[in-house]
Amino acid sequence: MINLRSRKGFLRAILIIISLLLPTIPAGAQAGRFVDISPPETGEFPLMTVYFDVSERDGKLVTDLFKDQVTLRENGVEQKILDFNSLTPGIQLVTAINISAPFAIQDITGKSRFDYISEALIEWGKQTPTSSPDDLSLITNDGLELTHMENRQDLVTTLEDYSPLLRDTESNFNVLTRAIEIASDPVDQQGMKRVVLLFSPPMTPEGSASIDSLISRAKESQVMVYTILVSSPAFFTSSGAQILGDLSTETNGDISTFSGDEPLPDFVSLFTPLRSTYLIKYQSQIITPGSQTLDLIISSDLGDSDGQRQFLLDVQPPNPIFISPPREITRKIIQSGADDISDSKYVPEGITLDIIVDFPDSHPRDLEEIIFRVDGEVVSRLTSPPYNQVEWDLRDYQTSSVHYLTIEAVDLLGLSRQSIQTPVEVIIDIPPPSISTIFIENTAAFIGLALVLTLGILLFIFISRGTIKPVLNFGGNRFFQKEGNGQNLPSLLRKTDQKNKISPKPDDRDQLNGNKHNAFRLVPISDILQQQVPEPIQGWDEELILGNDPDPRIINVPHPSVARKHCRINIQPDGGHKITDEGSSAGTWINYKQIPPSKPQLLKDGDIIHIGEAGFRYQVMNRASDLPTTEEITT
């Protein structure tokens with residue numbers, strides 16, 4: 001009875017402990033599923049592609065999910081799933097064998113550990129997977145390397161012919177580094193997982209020095225490392241074995257041991273779950289750069305399971321740019337035969353301006369609208385492609401003046417940016433009027449002149465006949481007063497110009513005007529570059545050198561992509577300019593086309609020049625208002 005009572009008390013205590021623990025189990029754990037989300041593919045942003053896997057607590061993958069079981073949230077906001085697929089791709093597998101003396105240990109039948117490993121791999125290679133073909137690679141530390149084999153028979157044949165010197169080869173963990181590099185290569189199939197199967201003895205102190213960087217590289221490329229530890233049981237718990245175990249755990253792989261007494265893992269069972277994954281596509285709403293969060297909630301009868309993935313994404317507004325806009329537009333009158341030029345037409349009535357829209361975040365996407373403004377007023381809007389040209393209607397411009405053009409691009413995310421102002425002078429060229437037009441416009445003046453001439457002729461006739469006898473009083477005429485020696489007063493006969501002032505003497509600015517075709521300027525075309533180079537770069541010397549160098553002989557362009565001595569601009573005998581790249585690494589570009597080094601290229605007014613990534617518009621200063629003053633030149 002005493003034993004029975006003690007046994008009942010023990011069972012009662014166990015039940016109490018279990019009842020206390022059960023309420024603390026979270027709902028997610030009760031569901032018993034884990035959600036693993038891969039970093040989203042952003043190559044088609046804002047269309048995002050996400051791969052994810054769902055597994056039970058025992059590691060078995062869940063392969064029977066439906067779209068209505070999945071909820072996706074981006075930065076906490078639920079998004080509509082555009083595409084949902086269950087995929088069975090192959091795997092990109094790199095088998096890495098770190099040959100060394102432990103592989104040479106034999107059992108009582110005379111078979112070495114390497115023999116067992118080779119036979120297991122050959123047997124696996126002869127089996128045909130139910131999924132798409134695998135991408136297979138084989139690499140060893142004694143120089144064997146075959147990469148990206150599509151035919152499994154190639155792997156089988158290579159292993160059958162491979163006879164390494166097991167006892168004479170030293171362990172070298174560079175084979176693991178190379179295996180991760182190969183596994184990180186681009187995959188051929190959507191959702192294909194990257195796997196390294198490593199056969200190796202415990203890691204040596206020399207190899208463990210780089211383990212952190214190997215883990216980081218594998219995680220960045222989503223490479224899973226499965227390790228088969230080849231050694232005696234006494235070394236299975238060594239520090240070198242623990243390092244390899246951490247590597248496999250950190251990369252979502254696994255580790256097992258092999259001494260020759262226990263069986264090797266079943267490679268079919270090991271790799272089959274890796275050939276299943278889910279694909280989701282959705283339209284991202286991200287409009288700010290930086291860290292982003294993606295959540296997936298999987299619903300089932302057992303409860304909800306969720307997974308989260310954080311990733312970085314750079315999102316910037318589009319940057320519209322005019323391509324070689326004109327500095328001047330001259331409108332001329334077409335004579336229609338009428339005397340009144342107000343009834344005539346001016347040509348051109350409009351021009352086409354070429355534009356290009358750049359995406360600084362390297363994510364080209366569709367545009368919603370292009371807005372063209374002149375002097376701040378909206379002139380036209382483009383709401384459908386193509387977005388590479390805008391039309392400027394000039395019919396309302398009948399007086400000469402300078403106008404400022406801007407272009408604004410709005411993408412499908414609502415992000416927009418306006419270009420810097422581009423000045424364009426509209427010149428109205430009016431020809432001299434005809435004689436009939438002059439007479440009509442000055443009829444009253446001609447009638448008055450005719451009356452004066454008529455009266456003058458009559459007066460002459462009357463005087464010549466003696467009808468009128470004028471009396472001349474020279475003493476009262478100030479222009480004929482005598483002064484001392486009888487000469488006219490020179491002060492009263494002094495000649496002046498129309499404004500009663502003497503014209504100034506030509507100065508240095510006039511000399512500069514004589515060489516105005518040699519002057520030019522480079523105007524920054526982006527907001528960021530304008531902050532670094534607030535004033536246009538002006539040039540009127542025979543040679544101008546540009547680079548990222550404080551040397552006073554070099555025009556400094558403080559941009560990281562600009563070389564110390566990047567390019568030079570030289571004046572040509574005809575007054576034009578040529579630009580020459582000095583062998584810079586980032587290159588020199590004209591209208592988005594790179595020019596070859598050391599080969600001068602002729603510049604045209606309005607060309608867009610990129611010195612590395614620093615963009616400028618080349619403008620010829622062919623008007624006096626464009627030229628710098630003498631004080632500016634001295635400064």
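This is a short walk through some local features of the structure above, and it is a predicted model.

Okay, let's start with the aromatics. The structure holds 11 aromatic pairs. Take Phe-114 and Tyr-162: their ring centres are 5.8 Å apart and the planes sit at 75 degrees, so we call that pair edge-to-face. What does this pair tie together? Well, Phe-114 belongs to helix α3, residues 113–125, while Tyr-162 is in the loop between α4 (152–161) and α5, so the pair links parts that are 48 residues apart in sequence.

Another edge-to-face pair is Trp-392 with Tyr-397, at 5.7 Å centre to centre and 80 degrees between the planes. Those two are both buried as well.

Then there's a cluster: ring pairs link Trp-124, Phe-199, Phe-267 and Phe-271.

Next, helix α5, which spans residues 174–183. How many of its 10 residues are buried? Seven, so the helix is mostly covered. Among them are Val-175, Leu-176, Ala-179, Ile-180 and Ala-183. Keep in mind that an α-helix has 3.6 residues a turn, so residues three or four places apart point the same way.

On to the strands. Three of them make an open sheet, in the order β15-β18-β21, with antiparallel pairing. At the edges you have β15 (319–322) and β21 (389–393), each pairing on one side only. On average, neighbouring strands here are turned by 35 degrees against each other, ignoring direction. If you zoom in on β15 and β18, four bridges join them, and Ile-321 stands opposite Ile-356 in β18.

Last stop, just past β18. Where is Asp-361? Look in the loop between β18 (350–358) and β19 (367–374). Asp-361 is buried, with a relative accessible area of 5%. What does its side chain contact? There's a polar contact of 3.0 Å between the side chains of Asp-361 and Arg-365. Leaving out residues up to four places away in sequence, Asp-361 also touches Asp-314, Val-315 and Gln-316.

How values were computed
Residues numbered from 1 in each chain as written. Predicted model: local features only at pLDDT ≥ 70, side-chain atom pairs only at ≥ 80, totals over all residues. Heavy atoms only, no water. Helix = DSSP H or I, 4+ residues; strand = E, 2+ residues; numbered from the N terminus. Buried < 20%, exposed > 50% of the residue type's maximum accessible area, 1.4 Å probe, protein only. Polar contact = N/O pair within 3.5 Å; in protein donor to acceptor, adjacent residues only side chain to side chain. Contact = heavy atoms within 4.5 Å. Pairing = 2+ DSSP bridges. Axes fitted to C-alpha atoms, helices over the stretch in contact; angles between N-to-C directions. Phe/Tyr/Trp six-rings, centres within 6.5 Å; stacked < 30°, edge-to-face > 60°.
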